[in-house]
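Please look over the sequence and the model before reading on. The paragraphs below lead from a pair of facing residues to the fold as a whole.

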Amino acid sequence: MADIYELQLTLDLPGSLPPRDLALLRWHLGEEGGRQDDGYEYPLWRDRGPALRIGGALVGELCSDGPEWALTVRQEAHPDEFDDLRRMVLWLGARTTTEGTVGYLRFHESHVPDVLVAESGAVRSAVLRVEKVLESATEVIPGHYA
């Protein structure tokens with residue numbers, strides 16, 4: 001249980017997403033109406049409630065605002081799941097309408113995550129390395145004109 005990571009994804013998908021793709025997403029989120037037929041052993045993002053190692057809550061939500069779908073996932077992940085997670089994140093990257101940061105992967109004991117960036121139908125990982133951390137004792141979030 002010590003090798004736990006936090007995976008967070010927030011991205012948009014087109015409203016024209018085929019029913020088969022929506023069914024696969026719903027299955028991974030543990031929702032009714034989901035259908036699995038792509039070789040995954042179990043739903044990757046079905047867990048809900050308090051996280052055991054990363055703090056906060058585990059979530060997985062797919063919502064439609066009409067023209068698009070919005071997906072938010074925050075789950076604990078073990079390296080044994082990385083092959084399936086990689087395949088699913090790349091699958092989402094080929095379908096997302098979001099350009100730029102779509103999430104991150106963070107080892108539960110690390111302060112610095114690897115950022116997931118979507119560009120031109122693909123997702124890449126931006127590995128951040130921190131030599132020196134600058135902290136502000138007074139501002140957690142910068143002021144309006146900072």
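**Strands, core and pocket**

Glycine 60 stands opposite valine 73 in β4. The model is a predicted one, in which local features need pLDDT of at least 70 and side-chain atom pairs count only at pLDDT 80 or more, while totals for chains, interfaces and linings use all residues. Residues are numbered from 1 along each chain as its sequence is written, and side-chain values use heavy atoms, with hydrogens and water left out.

The protein chain contains two helices and seven strands; helices (H or I, at least four residues) and strands (E, at least two) are DSSP runs, numbered from the N terminus. Read from the N terminus, the order is β-α-β-β-β-α-β-β-β.

Consider next how strands are joined; two strands pair if DSSP finds at least two bridges between them. Strand β3 (residues 57–64) and strand β4 (residues 68–77) are antiparallel and share six bridges. They form a hairpin with three residues between them, and glycine 66 in this turn has a positive phi of about 110°. Strand β2 (residues 49–50) also pairs with β3 in the antiparallel sense, over two bridges. Here glycine 49 has leucine 58 in β3 as its bridge partner. The hairpin of β2 and β3 has six residues between the strands, and glycine 55 takes a positive phi near 80°.

Is leucine 62, at 10% relative accessibility, buried or exposed? Buried means under 20% relative accessible area, exposed over 50%, and partly exposed in between (1.4 Å probe, protein chains only). Leucine 62 therefore counts as buried, at 10% relative accessibility. This residue belongs to strand β3. Leaving aside residues up to four places away in sequence, leucine 62 touches several residues, including Leu22, Leu25, Trp69 and Leu71; a contact means heavy atoms within 4.5 Å. Leucine 62 and leucine 11 are 51 residues apart in sequence, yet 9.9 Å apart in space, C-alpha to C-alpha. Across the protein chain, 55% of the contacts between residues at least 6 apart in sequence join residues at least 24 apart.

Buried residues make up 35% of the 146 residues in the protein chain. A nonpolar core is a set of buried Ala, Val, Leu, Ile, Met, Phe, Trp, Tyr and Cys residues joined through side-chain atoms within 4.5 Å. The largest such core has 28 residues, of which Leu9, Leu25, Trp45, Leu71, Met88 and Leu92 touch the most other members. The elements β1 (5–14), α1 (19–28), β4, α2 (82–93) and β6 (114–119) each give two or more residues to this core, and the largest share, six residues, comes from α2. Leucine 9 touches Trp45, Leu71, Leu92 and Leu116, among others, not counting residues up to four places away in sequence.

Because its relative accessibility is 72%, serine 120 counts as exposed. Its phi is near 50°, a positive value in a residue other than glycine.

Finally, consider the pocket. A pocket, on a 1 Å grid over the protein atoms alone, is an open set of points where a 1.4 Å probe fits, with protein on both sides within 12 Å along at least five of seven lines; lining residues have an atom within 4 Å of a point. Among the residues that line the largest pocket are Leu7, Phe82, Arg86, Asp114 and Arg124. Helix α2 supplies five residues, the largest share of this lining.
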